[in-house]
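This report walks through one structure, shown below. Please keep the sequence and the 3D view at hand while reading.

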Amino acid sequence: MALRAVRSVRAAVGSLCAISAPSAGCSPRPWGLRAGAVRALRTGPALLSVRKFTEKHEWVKTENSVGTVGISNFAQEALGDVVYCSLPEVGTKLNKQEEFGALESVKAASELYSPLSGKVTEINKALAENPGLVNKSCYEDG
Amino acid sequence: MQRAGSVVSRLGSRLQALPSAPCRSLSCAQDVLHRTPLYDFHLAHGGKMVAFAGWSLPVQYRDTHVNSHLHTRQHCSLFDVSHMLQTKIFGCDRVKLMESLVVGDIAELKPNQGTLSLFTNEAGGILDDLIVTSASEGHLYVVSNAGCREKDLTLMQDKVRELQNKGSDVALEVMDNALLALQGPTAAQVLQAGVADDLRKLPFMTSAVMEVFGVSGCRVTRCGYTGEDGVEISVPAAEAIRLAAALLKNPEVKLAGLAARDSLRLEAGLCLYGNDIDEHTTPVEGSLSWTLGKRRRAAMDFPGASVIVPQLKSKAQRRRVGLTCDGAPVRAQSPILSPEGTVIGAVTSGCPSPCLKKNVAMGYVPYEYSRPGTPLLVEVRRKQQPAVVSKMPFVPTNYYILK
């Protein structure tokens, strides 16, 4: 996960923009989602612990008004080795669809857009030392 | 005497319609990409193809970008650079032709010696950077950027016609060859196993024609775009796959694509035309004054000399510098600021350095901020972070230079 925010709302629609360097770009394959659709994936025993995916290839899992945000396996594969994570400070107020950070590979930067409105309560500090966790474990440690 | 090749007919056989994926960065208006002789070879080896300057080329293969980059610096990598324009200039007046277009002392090149040079315009701007080699067979061998193909061909062909009309003995031929770059500390050792010539006698920026792994008529030039020792091999198109396969047999060699090519050249402090230098930068601003020939500076007989030569003594210009910083990676178009927070320039290339684990970049700053060690600020996503002007290359180079 990348961060946790208070007060979950329904996942937003948007796009994970890859700003590619002029030398070469990568074109993500179109995924199965239609515009406006959100796919819910049941991952745990608790009914409330459902991981929802946005069209931007981010996921949010909410529990007791706290949402946990990360990127999908498809997104981490398209991005390549993450070498730096730019995350907001704890306490930052975010609006749905607002840009809150970026994930950087050697070649390109991918902006992150918040699927929820809320206040950042925690960021994944492990990513400062080990940004590769986003690739190795995009649903748990990264 | 050779005639100038017909560019369209040579390319026509290799133009392919692109299936579904959108293509950006095309140098021409057509929705088709050129393919090099190694196109199928790239696919067979897991190459992820992208559009670059109107060509379909692999950005990487099965290895990650970082692994491919590091493999080049520790072993060696094979790059398909056939998209670059290769031309031959023939005739007694070939040096006169070349010197009418570039800034270097071409007449002083020894047989089989090459040099980096620049096409310039009357305003002193750089039209392209290129390598000119004086082939002992009696022609000039020129390699220039794919992105400037039409511009460079028109430039050279117009000048050929102009000189021919005045009675000069000169002609141009576009080469159909593939171009393979083998780069890294073990490149020479890998190549030596397939050539009879002693490669210890082929130093940096020299060239020779030889048989390579059974393929005759290959021009091998000791140069490259990575900062490592290595060669670029110009090989007849029909034999390109055979040669690439032979090189790849050696476990030292791995295929590498455009992604690694860009991060390697950036660590080596080498310019990318269109990013770090363009028609609005002069050689002095680009920190490429060393390309201006000694005789040429005195004679002021190259395009834009009246603008460029006075800049050598003046401190009024901006300069291309290297920058290093920690924090978020710095990329092209990021503003550069003085320590007081005034915007003083912009980044033209940048990436996280896989070797140094710091961010490296090139950009332009006013002369007074260009000394290595000068602290500056760079703005990334509206946040300012400290950066330092640094000497280039960022990573030491390993060119094979005889002492």
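Is B:Cys355 buried, partly exposed or exposed? B:Cys355 counts as partly exposed, because its relative accessibility is 29%; buried means under 20% relative accessible area, exposed over 50%, and partly exposed in between (1.4 Å probe, protein chains only).

## Basis of the model

This is a predicted model, in which local features need pLDDT of at least 70, side-chain atom pairs count only at pLDDT 80 or more, and totals for chains, interfaces and linings use all residues. Residues are numbered from 1 along each chain as its sequence is written, chains are lettered from A and ligands numbered from 1 in the order in which they are written, and side-chain values use heavy atoms, with hydrogens and water left out.

## Cysteines

The count of disulfides over all chains is zero, a disulfide being a pair of cysteine sulfur atoms within 2.5 Å. For B:Cys351, the closest cysteine sulfur is that of B:Cys355, 10.0 Å away and therefore too far for a bond. B:Cys351 counts as buried, at 4% relative accessibility.

## Annotated domains

UniProt, in an unreviewed entry, lists residues 38-293 of chain B as "domain: GCVT N-terminal". Another unreviewed entry gives "domain: Lipoyl-binding" for residues 66-142 of chain A. UniProt positions are in the numbering used here, feature names are shortened, and annotations may be inferred rather than shown by experiment.

The chain B span is 25% helix and 30% strand, with its end C-alpha atoms 37 Å apart. Helices (H or I, at least four residues) and strands (E, at least two) are DSSP runs, numbered from the N terminus.

## A five-stranded sheet

In chain B, five strands form an open antiparallel sheet in the order β7-β8-β9-β6-β10; two strands pair if DSSP finds at least two bridges between them. Its edge strands are β7 (114-120) and β10 (171-174) of chain B, each pairing on one side only. From one strand to the next the twist averages 30 degrees. Seven antiparallel bridges join β7(B) to β8 (residues 126-135) of chain B, and B:Ser117 stands opposite B:Leu130 in β8(B).

Helix α5 (residues 149-165) of chain B packs on this sheet, touching β6 (85-90), β7, β8, β9 (139-144) and β10 of chain B. Contact means heavy atoms within 4.5 Å. The direction of α5 makes about 155 degrees with that of β10(B); axes are lines fitted to C-alpha atoms, for helices over the stretch in contact, and angles run from 0 to 180 degrees between N-to-C directions. B:Lys159 lies in α5 of chain B and is buried, with a relative accessible area of 18%. Beyond its neighbours within four places in sequence, B:Lys159 is in contact with B:Leu97, B:Ser100 and B:Leu101.

## Nonpolar cores

A nonpolar core is a set of buried Ala, Val, Leu, Ile, Met, Phe, Trp, Tyr and Cys residues joined through side-chain atoms within 4.5 Å. The largest has 30 residues, and B:Leu182, B:Leu191, B:Leu243 and B:Leu247 have the most contacts inside it. Its largest share, five residues, comes from α7(B). Apart from this core lies another, of 21 residues, including B:Leu85 and B:Phe119.

## An enclosed helix

Helix α3 (residues 65-74) of chain B is largely enclosed by the rest of the structure, because seven of its ten residues are buried. Among them are B:His65, B:Val66 and B:Arg73. The buried residues of α3(B) pack against β4 (55-60), β5, β11, β15 and α8 (258-267) of chain B.
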